[in-house]
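Please look through the model below before reading on.

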Amino acid sequence: MSDNNQFTINSIDLQFDKEHLWHPYTSMANALPSFGVVAAEGVELQLQDGSKLVDGTSSWWACVHGYSHPKIVTAMQQQASQLSHVMFGGITHRPAVELARLLVEITSPKLTKVFLADSGSISVEVAIKMALQYWQGRAKPYKQKILTVKNGYHGDTFAAMSVCDPEGGMHTMFGELVTKQLFAPAPQSRFDGNFNPEELNEIANLLEEQHQQIAALLVEPIMQGAGGMRFYHPKYLTSLRQLCDKYDVLLILDEIATGFGRTGKLFAYEHSQIEADILCLGKALTGGYISLATTICTDEVAQGVSDSPAGVFMHGPTFMGNPLACSAAIASIELIKENRWQQQVSAIECQLKQELAEAAEFDNVKDVRVLGAVGVLEMNTTLNTAELQQKFVDLGVWIRPFSNLIYIMPPYCISSSQLSKLTNAMKTVAKQISLPNDTSAFISHG
């Protein structure tokens with residue numbers, strides 16, 4: 001990593017940041033501390049004091065290839081010098097066309113129509129709007145409800161909030177402004193355990209009784225992310241696809257967190273060998289270098305939307321199809337297509353299982369679970385994010401706990417020694433956490 005960042009290092013005003021900048025999921029009156037980052041390379045973040053942290057979060061699960069990857073950086077630099085942005089209404093460009101071609105190629109065969117959105121939350125909004133307009137085009141405008149499962153998380157905008165967990169989730173304070181959707185119990189059969197088909201009884205009953213009102217079933221496939229880092233059995237997802245087919249309901253899969261290899265498959269739905277009617281992708285789509293998301297649907301969904309009274313799909317962001325973001329995504333997907341991620345994620349999973357196993361014996365650890373490049377310690381108490389962030393920084397790693405979870409989702413290019421630094425830090429901090437009751441804990445997302 002270059003050391004020519006002296007001006008940048010000296011120019012970060014953390015006090016101004018604390019007084020004026022609102023960071024995610026925190027209070028301006030009692031803000032969590034922020035650590036000034038001046039550079040990043042590989043899997044390391046360089047702080048303003050010159051120290052370096054091994055990043056265990058991939059910048060909220062997005063930077064799968066690591067930082068400053070020359071292929072992605074070069075693609076963005078070249079695109080910026082040629083065409084950084086142009087409106088997408090009535091205009092198209094090579095990066096958007098090529099990205100759509102790649103997405104159609106690597107996702108499941110029925111997914112053929114690509115809508116380019118700004119962020120993961122917006123891609124969920126788009127998916128919900130697609131589902132509602134589809135049924136208008138099929139002369140069933142009364143199908144307006146979305147069915148989902150508890151412990152889910154799909155974003156912070158209003159339609160996305162409506163399908164997040166309605167009780168323990170982050171959006172319970174918005175009351176009647178959030179559309180009331182239908183919720184079934186969260187899947188319980190563990191990914192690596194036995195499957196209990198009876199856990200689908202309630203969702204099957206909801207579909208049988210209310211399918212005339214249900215437009216779509218929306219779930220995170222295999223891994224529920226911010227709702228608890230829960231890994232569920234592939235047969236549960238297979239059963240959901242069968243139920244949707246039986247009751248004439250669209251299946252929307254939110255792969256924003258799981259897409260592009262995170263769970264050991266290119267897309268998590270591949271664990272169940274099913275296809276979605278509508279698929280949401282984001283985060284790692286650009287390798288984590290710039291915001292971009294996509295909602296991909298089948299020919300049938302697209303035709304239904306076109307047959308609706310509006311005749312067109314009613315959504316069009318200002319920065320839709322941004323050429324700079326599309327170029328980053330093309331470079332990231334080309335790296336994915338080299339298939340090194342498969343060996344990398346497999347090696348990460350093996351090492352996580354070996355090195356986190358002993359934590360299951362800690363008195364204050366409730367559960368240890370690993371899937372692909374995700375490692376989780378579920379604690380017996382809610383965690384104090386501010387306190388633990390500082391402990392992890394002191395250990396030379398960036399790990400951001402939330403709720404009662406200490407987890408990592410590192411970049412795929414992490415070395416074995418760097419990964420060990422993360423797992424050792426997780427175990428060290430986990431041992432120091434007191435058993436309940438810590439009433440001063442601060443709950444935050446991701």
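Q: Why is Lys366 called exposed?
A: Lys366 has a relative accessible area of 56%, and since exposed means over 50%, buried under 20% and partly exposed in between (1.4 Å probe, protein chains only), the label follows. The model is a predicted one, in which local features need pLDDT of at least 70 and side-chain atom pairs count only at pLDDT 80 or more, while totals for chains, interfaces and linings use all residues. Residues are numbered from 1 along each chain as its sequence is written, and side-chain values use heavy atoms, with hydrogens and water left out.

Q: What makes Glu378 and Lys366 a salt bridge?
A: Their side chains meet at 3.7 Å, N to O, which falls inside the limit, because a side-chain nitrogen of Lys or Arg has to be within 4 Å of a carboxyl oxygen of Asp or Glu. Glu378 belongs to strand E14 (residues 374-379) and Lys366 to strand E13 (residues 365-371), so that the pair links distant parts of the chain, 12 residues apart; strands here are DSSP runs of E with at least two residues, helices are runs of H or I with at least four, and both are numbered from the N terminus. Glu378, at 14% relative accessibility, counts as buried. Both residues also belong to a network of salt bridges that links Arg190, Asp192, Lys366, Asp367, Arg369 and Glu378.

Q: How do you know that Lys113 and Asp299 tie together separate parts of the chain?
A: The two side chains meet in a salt bridge at 2.4 Å, N to O, and because Lys113 lies in strand E4 (residues 111-117) while Asp299 lies in helix H10 (residues 299-306), the pair joins parts that are 186 residues apart in sequence. Lys113 is partly exposed at 36% relative accessibility, and Asp299 is partly exposed as well, at 43%. The structure holds 16 salt bridges.

Q: Why is the pair of Phe267 and Tyr269 called stacked?
A: Rings of Phe, Tyr and Trp (its six-membered ring) pair if their centres lie within 6.5 Å, and planes under 30 degrees apart count as stacked, over 60 as edge-to-face and the rest as tilted. By this rule there are 10 aromatic pairs. The ring centres of Phe267 and Tyr269 are 5.6 Å apart with their planes at 5 degrees, so the pair is stacked. Phe267 is buried at 0% relative accessible area, and Tyr269 is buried at 3%.

Q: What makes the pair of Phe402 and Tyr407 edge-to-face?
A: The planes stand at 85 degrees to each other, with 5.7 Å from centre to centre.

Q: How do you know that the charged end of Lys283 sits over the ring of Trp61?
A: The charged end lies 5.0 Å from the ring centre, and the rule asks for NZ of Lys or CZ of Arg within 6 Å of that centre and within 35 degrees of the ring normal. Lys143 likewise lies over the face of Trp135, at 4.5 Å from the ring centre.

Q: Which residues have the most contacts inside the largest nonpolar core?
A: They are Leu99, Ile203, Met229, Phe260 and Ile406, in a core of 96 residues, where a core means buried Ala, Val, Leu, Ile, Met, Phe, Trp, Tyr and Cys residues joined through side-chain atoms within 4.5 Å. Another core of 29 residues lies apart from it, with Ile122, Ile256, Ile278 and Ala293 among them.
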